[in-house]
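Here is a short briefing to read alongside the model. Have the sequence and the 3D view open, and we can walk through it together.

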Amino acid sequence: MTILPRPKSEGRRNLPVILVLASLGVALSAGVTAVGMHWLAHWDWLSCTVFGIPIAATDPVSVIATFRKSGARGRLLLLVVAFSVFVQGLTITPLLRRAG
């Protein structure tokens, strides 16, 4: 099975949905995680944010593994895989730039 199950035109057609999920969805997930760690573990906000961003980025990985085991196909698989790729780029790259 290939990573992207549809032609490039399908990816372009779904790009607006993917971008909204990859930006707003990850920001919301990272924010909720950061607030939870601040409230539960009493960490400072910077530590909570640095923890929340990579955690939000790894969420779709388990969903993709489940989809592949079940043989899922179609637009939903395309959206989740493309979302995962964008999320990895949007979240890990800034952290690596800060570390370097």
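The protein chain in this predicted model has 4 helices and 0 strands. Read from the N terminus, its elements follow the order α-α-α-α.

**Confidence**
- The average pLDDT of the protein chain is 79, and 80% of the residues score at least 70.
- Of the chain's elements, helix α2 (residues 15–41) has the highest mean pLDDT, 88, while helix α1 (residues 8–13) has the lowest, 73.

**Burial, surface and contacts**
- The protein chain has 100 residues, and 27% of them are buried.
- Its accessible surface is about 6,700 Å², with 70% of that belonging to carbon and sulfur atoms.
- Among contacts between residues at least 6 apart in sequence, 66% join residues at least 24 apart.

**A closer look at helix α2**
- Helix α2 contains 27 residues and spans 37 Å from its first C-alpha to its last, which is close to the 39 Å expected at 1.5 Å a residue.
- Which residues of α2 are buried? They are I18, A22, V26, A30, T33, A34 and M37.
- When you look at that list, keep helix geometry in mind: an α-helix has 3.6 residues a turn, so residues three or four places apart point the same way.

Key: Residues numbered from 1 in each chain as written. Predicted model: local features only at pLDDT ≥ 70, side-chain atom pairs only at ≥ 80, totals over all residues. Heavy atoms only, no water. Helix = DSSP H or I, 4+ residues; strand = E, 2+ residues; numbered from the N terminus. Buried < 20%, exposed > 50% of the residue type's maximum accessible area, 1.4 Å probe, protein only. Contact = heavy atoms within 4.5 Å. Areas by Shrake-Rupley, 256 points an atom, 1.4 Å probe, with all protein chains shown as cover. pLDDT = per-residue confidence, 0-100. Expected span 1.5 Å × (residues − 1).
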